[in-house]
Structure formats: C-alpha cells, structure tokens
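Let's take a walk through this structure together, looking at its strands and its charged side chains. Please keep the view open as you read.

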Amino acid sequence: MSKIIKKIGVMTSGGDSPGMNAAIRSVVRTCAFHNIECVGIYRGYEGIMEGDFKTMDARSVKGIINKGGTVLKSARSKGFRTPEGRKIAHEQLVKAGIDGLIVIGGDGTFNGGLVFNKEFDFPVIGIPSTIDNDIFGTTHTIGFDSALNTVVECIDKIRDTASSHNRLFFIEVMGRDAGHIALNAGVGAGAEEILIPEENLGLHRLLESLHRSKRSGKSSSIVVVAEGDKIGKNVFELKDYVEANMDEYDVRVSVLGHMQRGGSPSCFDRVLASRMGVKAVETLLEGKTNYMVGLLNEQMELTPLEQAVKGKSEIDRELLRVSEIMTT
Ligand code: F6P
C-alpha cells in the first residue's frame with residue numbers, strides 16, 4: 001500500500017544550474033494547487049540533517065522564475081553519505097511531518113535519494129537539473145540550455161579578438177564526464193575543433209586538423225575542450241604542445257568556469273522546469289516513488305531512479321557527424 005502524501009519536502013543539491021528556482025516554484029505551486037503542504041529544505045541533504053526547513057506557499061516563490069542559482073541553496077553533503085547521517089535526516093523529516101521528497105539535482109543527488117528510500121522506505125522523486133546534461137532518461141536537464149547560451153555568447157566574443165589577432169584559442173567548458181556542453185556549444189559557435197571525453201581525437205589528429213584549417217585559409221581558430229576530455233593534456237598543456245609543434249599560430253587559453261552555471265535561465269529551461277515540477281508532485285501524489293521525471297520525445301516521462309543513475313546519457317552521434325562536416 002502506498003502512503004498518502006500530505007506534506008512534500010523540496011530541495012536542491014549538488015552543482016546549481018539556471019532553472020532550479022523555476023523548478024522550486026513549480027513544485028511549490030503544484031502543491032498549493034492540490035492543497036498539499038510544501039516545505040523548502042535548505043542546502044540539500046545537509047539541511048535535512050539539520051532540520052533547516054521553511055514552509056512555502058504559492059506566494060513565497062513569486063519573482064524567482066527568472067533568477068539563476070537556487071533560493072534554497074545547494075550543498076554536497078558528506079554527512080548524508082553515512083548511515084548515521086541518514087538516520088538523523090529521517091528523524092528530522094518524520095518530526096516535521098514530511099512524507100515525500102522531491103530532489104532537484106544530478107546523479108549524486110539521485111544516488112542519495114535512492115539509498116535513503118531503500119533504508120527508510122521514504123517516497124522520493126527526482127528532477128534532473130545540471131548544466132552537464134549527463135543524466136539518462138531525459139534529453140534535457142534543467143540548466144543545460146541556459147549554459148549553452150552563455151557558452152556560445154562567450155565564444156562569439158572570444159572569436160572577435162581571436163580573428164583580430166589571428167590567434168588560436170583553446171576554450172575549456174564544463175562537463176566533468178560528458179561532452180554535451182562542448183559539442184552543442186561548439187557546433188553553435190562554429191568551433192574548428194571540439195574535444196570531448198566520449199571521443200578521443202588524439203594529439204596527432206588535432207595537429208593535422210589545425211594544419212588543415214590553416215591551409216584552407218583560416219587565420220584564426222577556436223577549439224572547444226570539455227573539462228573531462230581524454231586527450232591526455234589540459235588546456236594549458238595543449239597550448240604548449242601546439243605552440244611547440246606549429247609556429248603558424250599564436251595560442252591563447254580561456255577557461256569559462258563557473259560563469260556557465262550562473263545567470264537568468266533561458267525560456268526553454270523555465271518551461272522545462274515548470275513541466276517537471278508539476279509532473280514530480282503529481283507522480284508522488286499518485287503514490288509512486290523512486291522515479292525521475294524527464295523529457296523524452298517532447299513528453300514528460302518517468303524513468304526509475306535506479307536506471308537514471310546507472311544508465312549513460314549518450315552523446316548525440318548525429319550532431320558529432322554534423323560537427324565533423326562543419327569543420328571541413
Ligand atoms: O554541476 C556539474 C559541474 O558543473 C561539472 O561540470 C564541474 O566539473 C563541476 O560541476 C564543478 O563543481 P564545483 O562547483 O564543485 O567546482
């Protein structure tokens with residue numbers, strides 16, 4: 001028998017991403033719509049252990065749909081990784097009368113939710129939110145689209161100066177384990193080469209490609225590098241390597257870093273977050289647990305959390321081919 005849910009806790013955890021606030025707003029307003037109490041939990045699992053809760057009504061989330069970051073704050077909790085920490089967290093939730101949890105974040109967040117559910121049979125639903133887009137069971141995570149727009153805007157600006165000085169730029173973008181940001185932003189910004197963890201181009205082929213670009217008449221070049229790329233050298237070492245092996249280019253490096261995680265969410269992310277919040281609350285109210293909501297074939301779908309955590313979000317092979325054709 002599934003439990004009847006009367007009070008839902010919502011939290012954000014792990015690396016923040018633009019659109020998290022829109023997701024919180026959606027969860028809070030969907031709860032209000034169904035006359036369910038909603039409690040905001042501060043700083044993710046850390047806040048559960050500390051009982052850092054605040055009741056949220058529909059009006060409490062006004063004016064946040066367009067804000068980056070997360071009003072509930074985020075953290076990567078060490079304490080929650082221990083059985084003692086989770087026991088304390090469970091006691092806090094029971095004390096507050098919270099009987100279902102919506103966790104907004106990436107796979108680390110979902111892993112925590114899964115373990116918690118196994119130990120205490122506590123209903124959990126996940127909303128995928130990370131700029132990396134590396135979650136199985138959804139074509140888009142909240143924040144990915146906004147981050148892409150930020151990265152493309154930055155690359156466009158760097159291209160201006162690259163072409164004025166006939167320079168080659170290595171631009172590092174986020175994506176610890178996945179090349180989705182690099183591939184999509186690279187195609188969108190017309191990069192000459194894109195280095196991602198899923199495809200090891202190799203140093204030799206990189207040089208060949210840069211020589212080819214030069215011969216074809218290009219005076220400047222942009223190479224987008226995912227931070228998790230497996231070429232064996234970081235962006236600064238790549239610069240040294242290319243300078244040592246090619247004297248045609250003056251090389252510079254730009255690491256975009258955390259600016260990719262900030263800023264006002266795109267319309268796409270706001271809409272996605274709004275849809276996911278509704279689906280997450282209504283899934284809990286239907287008595288379901290251990291699912292992640294996701295966007296598949298333009299529809300809101302459910303994927304078992306376990307699968308979402310174990311599955312791999314594959315790189316778009318068709319886009320990879322497009323990128324290869326575009327760089328000829
Ligand atoms: O949220 C994922 C991510 O953006 C990764 O791409 C990146 O490696 C990491 O976060 C950086 O995390 P932190 O904020 O802990 O430096």
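E37 is partly exposed, at a relative accessible area of 42%. Keep in mind that this is a predicted model. The partner of E37 in a salt bridge is K7, and their closest N and O atoms are 3.8 Å apart. This pair links distant parts of the chain, with K7 in strand β1 (residues 7-12) and E37 in strand β2 (residues 37-41), 30 residues apart. K7 has a relative accessible area of 17%, and because the cut-off for buried is under 20%, K7 counts as buried.

## Salt bridges around D250

The whole structure holds 16 salt bridges. In one of them, the side chains of R167 and D250 meet at 3.0 Å, N to O. Because R167 belongs to strand β6 and D250 to strand β9 (residues 250-255), the pair ties together parts that are 83 residues apart in sequence. R167 is buried, with 16% relative accessibility, whereas D250 is partly exposed at 32%.

D250 also forms a salt bridge with R252, where the closest N and O atoms are 3.1 Å apart. R252 is partly exposed, its relative accessible area being 30%. Elsewhere, a network of salt bridges links R43, E50 and D52.

How many of the residues of strand β8 are buried? For β8 (residues 221-226) the count is 6 of the 6, so the strand is largely enclosed by the rest of the structure. In a regular strand, side chains alternate between the two faces of the sheet. Both faces of β8 are covered: S221, V223 and V225 are buried on one side, and I222, V224 and A226 on the other.

Strand β6 (residues 167-173) runs parallel to β8, and 6 bridges join the two. Here F169 has I222 of β8 as its bridge partner. Together, β7, helix α7 (residues 203-215) and β8 form a right-handed β-α-β unit.

## Strand β5, another enclosed strand

Now for β5. Since 5 of the 5 residues of β5 are buried, this strand is largely enclosed by the rest of the structure. V124, G126 and P128 point one way from β5, I125 and I127 point the other way, and all are buried.

Strand β4 (residues 100-105) pairs with β5 in the parallel sense over 5 bridges, and I104 has I127 of β5 as its bridge partner. From β4 the chain crosses through helix α4 (residues 107-120) to β5, in a right-handed β-α-β crossover. Strand β10 (residues 291-296) also runs parallel to β5, joined by 2 bridges. There, M292 in β10 stands opposite G126.

Side chains of opposite charge can pair when their charged atoms come close.

D134 is located in the loop between β5 (124-128) and α5 (144-164). Leaving aside residues up to four places away in sequence, D134 touches A178, H180 and S313.

Technical notes: Residues numbered from 1 in each chain as written. Predicted model: local features only at pLDDT ≥ 70, side-chain atom pairs only at ≥ 80, totals over all residues. Heavy atoms only, no water. Buried < 20%, exposed > 50% of the residue type's maximum accessible area, 1.4 Å probe, protein only. Helix = DSSP H or I, 4+ residues; strand = E, 2+ residues; numbered from the N terminus. Pairing = 2+ DSSP bridges. Right-handed = clockwise from strand over helix to strand, strands pointing away. Salt bridge = Lys/Arg side-chain N within 4 Å of Asp/Glu carboxyl O. Contact = heavy atoms within 4.5 Å.
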